[in-house]
Amino acid sequence: MADSSTFKIGIVKFDDRNRYGTDGVPATILFGGGQRYIVRSKHDGKRNQWAKVRVDEAAAAAGGAREAELVELLGPCGDHPTELLAFQLHFGVRPCRYPARDAWALSPADAVPDRTDARDVYCFSVDNASTRDVDDALSLSEPDADGARTLGIHIADVASRVPETSPLYAWALARGSSAYNSGVYDEGGDLAGGSSVPMLPPALAHDELSLNQDVERNAVTLWVAISADGAVTSEKHERTVIVNKDKTTYAAMGAASSESPLGKCRALLEELSGDADPEDLVAWAMIRYNAYFGRLLASQKAWPGGVLRAQLEAGTAASYVRADGDGDVGHASLGLGHYAHCSSPIRRFADLVNQHAMFGGLADAAWGDARLASLNARVVEVARYH
């Protein structure tokens, strides 16, 4: 038999009346093109089962019978938790064994000197009601004497806590990003049937690094100065410490009073973006943030260094490319010459590596073309899972 690297996920068809010998049951492999295999099993049920199997590819290539060794029955077809697990196993979302807590080697929260104290700024996050890993928050100042305002876009400063020497950094590269699923709702209206798998351990993704309400958190802030007539006049970034005063939702933003901080920010973003849906408004702010840092990373001309999210033609797949390149590094769908993933460092490795690159470059000599290719391959795999 082949080694464990050839484990595959398949369906053992116990409802098929055909048998091969006394215990040979037909099976198909997930995304296997419909090719049939024979699995030996004494299971006497009549319902098809998801299973983990080991395929003997060498025997099949030599013209022998296509057989697969049954490693584990996962559960019945049609059962949501079982089917979710099957797909998570196939796409490498599970098993998920985070580095042990005592090996995380996090930097202390005050490791970065001269961080700007923005705790008095009224910051708020806008997400889905179920969001637990809060990467981003917004703020909007009151107009000054000239009617100018400052929009703050605040992103969790994960790089300040997760150094390149931490096992979590290598782990995040291997995972690529968080993996999300919505589950199903039971009769009582509660979400059931499995959970999403964050890139970083839940104790960090949902708590210590997340911009949760009423706690101090490190952030990388982009301050966008806006004139009284709604024109962006300047942008600057800095490392800050903030407090999220209101962990709220898209629905709440849409319903907010025009005189509330949330309503005032909604009105400004509507003016700047031309959109009205709260999700689109927040997305506009994140794209603005990512475009700013895309230009910054490209200007560094450093490799190993940051990465851009490039798309050659609208409607085609985007990929990560070196930020030091002068070729096709723009994002066609967004109409941007430079665009980098920087706004979700809790959820995506590219954002984490870019945060490190923003501030003094990368010390990790192993980060380079080979690992960039590995990241792209992993991101494609997670995208297929989604």
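Two strands pair if DSSP finds at least two bridges between them. Strands (E, at least two residues) and helices (H or I, at least four) are DSSP runs, numbered from the N terminus. This is a predicted model, in which local features need pLDDT of at least 70 and side-chain atom pairs count only at pLDDT 80 or more, while totals for chains, interfaces and linings use all residues. Residues are numbered from 1 along each chain as its sequence is written, and side-chain values use heavy atoms, with hydrogens and water left out.

**Strand β13 and its partners**

- Strand β6 (residues 116–117) runs parallel to strand β13 (residues 232–249), and two bridges join them; T116 stands opposite T240 in β13.
- Strand β7 (residues 123–127) is also parallel to β13, with five bridges, and D127 has T249 as its bridge partner in β13.
- Strand β12 (residues 216–226) pairs with β13 in the antiparallel sense over 11 bridges, where R217 stands opposite I242.
- The hairpin of β12 and β13 has five residues between the strands, and G230 there takes a positive phi near 85°.

**Backbone exceptions**

- Most residues other than glycine have a negative phi, and most peptide bonds are trans.
- The peptide bond from R94 to P95 is cis, with omega near 5°; P95 lies in the loop between α2 (80–90) and β6.
- W303 and P304 are likewise joined by a cis peptide bond, with omega about 5°, and P304 is in the loop between α7 (278–300) and β14 (307–310).
- F31, in the loop between β2 (24–29) and β3 (36–40), has a positive phi near 55°.
- F31 is exposed (over 50% relative accessible area; buried is under 20% and partly exposed in between, with a 1.4 Å probe and protein chains only), at a relative accessible area of 53%.
- D114, in the loop between α2 and β6, has a positive phi near 60° and is exposed at 79% relative accessible area.

- A cavity is a set of points, on a 1 Å grid over the protein atoms alone, where a 1.4 Å probe fits but cannot get out; lining residues have an atom within 4 Å of a point.
- Grid points are joined across faces, edges and corners, and a volume is the space filled by probe spheres set on the points.
- The count comes to one cavity of 30 Å³ or more, and the largest cavity has a volume of about 40 Å³.
- Its lining includes V93, R175, M199 and R378.
- The lining residues divide into six nonpolar, two polar and two charged; Ala, Val, Leu, Ile, Met, Phe, Trp, Tyr, Cys and Pro count as nonpolar, Asp, Glu, Lys and Arg as charged, and the others, Gly among them, as polar.

Definitions and conventions. On a 1 Å grid over the protein atoms alone, a cavity is a set of points where a 1.4 Å probe fits but cannot get out, and a pocket is an open set with protein on both sides within 12 Å along at least five of seven lines; lining residues have an atom within 4 Å of a point.
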